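Dear colleague,

Please find the structure below, handed over for your records. My notes on it come after.

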Amino acid sequence: MQTVPEEFRMLTSFYEDLFDSAAPLRPQPYLTNPITFSAKEVEQSLRQTRRGKSVPPGGPPSDAWSLCAPLLAPIVTEVFNSLLTDGPLMLPPILTDCSLSLLPKPSKPPTTLAALRPLGLINPL
């Protein structure tokens with residue numbers, strides 16, 4: 001039987017190996033034409049963010065994106081349009097990385113990895 005710290009290290013090691021960032025990467029996407037959004041499109045999308053949706057630790061609550069859509073839309077539009085120019089597509093980690101949470105599967109004791117469901121939480125942005 002493992003101690004709690006040993007179990008934590010085992011789980012951490014398993015998922016670090018599984019999602020190793022040193023794994024072979026796919027070819028970097030390349031945009032031949034810029035993708036642009038209007039502030040109206042972004043505001044509509046932000047308003048559709050489901051309230052109460054889980055977000056990673058330290059991220060703003062999903063309700064904030066929806067309720068503050070008119071204030072955030074111009075800023076988010078500018079950020080997206082600056083990232084989606086023609087050339088190599090290079091998105092910052094805040095848009096591509098997730099926070100991993102392990103949830104026990106229903107009616108299974110959380111004593112093995114097979115009894116846990118990995119859930120990646122990303123910022124709603």
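This is a predicted model: local features need pLDDT of at least 70, side-chain atom pairs count only at pLDDT 80 or more; totals for chains, interfaces and linings use all residues.

Residues are numbered from 1 along each chain as its sequence is written, and side-chain values use heavy atoms, with hydrogens and water left out.

Val42, Leu46, Trp65, Ala69, Ala73 and Val76 form the largest nonpolar core (buried Ala, Val, Leu, Ile, Met, Phe, Trp, Tyr and Cys residues joined through side-chain atoms within 4.5 Å; buried means under 20% relative accessible area, exposed over 50%, partly exposed in between, with a 1.4 Å probe and protein chains only). Two or more residues each come from α2 (39–47) and α4 (69–83) (helices are DSSP runs of H or I, at least four residues, numbered from the N terminus). Helix α4 contributes the most, with three residues.

Ser62 belongs to helix α3 (residues 62–67) and is buried, at a relative accessible area of 2%. Its side chain reaches the backbone nitrogen of Lys53 at 3.0 Å. Beyond its neighbours within four places in sequence, Ser62 is in contact (heavy atoms within 4.5 Å) with residues including Thr49, Val55 and Pro124.

Phe14, in helix α1 (residues 4–18), is partly exposed, with a relative accessible area of 34%. Together with Leu18, Phe19 and Leu100, Phe14 makes a nonpolar surface patch of about 390 Å² (residues with over 30% relative accessible area and no salt bridge, nonpolar side chains being joined within 5 Å and like charges within 9 Å; a salt bridge is a side-chain nitrogen of Lys or Arg within 4 Å of a carboxyl oxygen of Asp or Glu). Accessible areas come from the Shrake-Rupley method with a 1.4 Å probe.

Yours sincerely

Note on methods:
A polar contact is a pair of N or O atoms within 3.5 Å; within protein, one must be able to donate a hydrogen and the other to accept it, and residues adjacent in sequence count only if both atoms are side-chain atoms.
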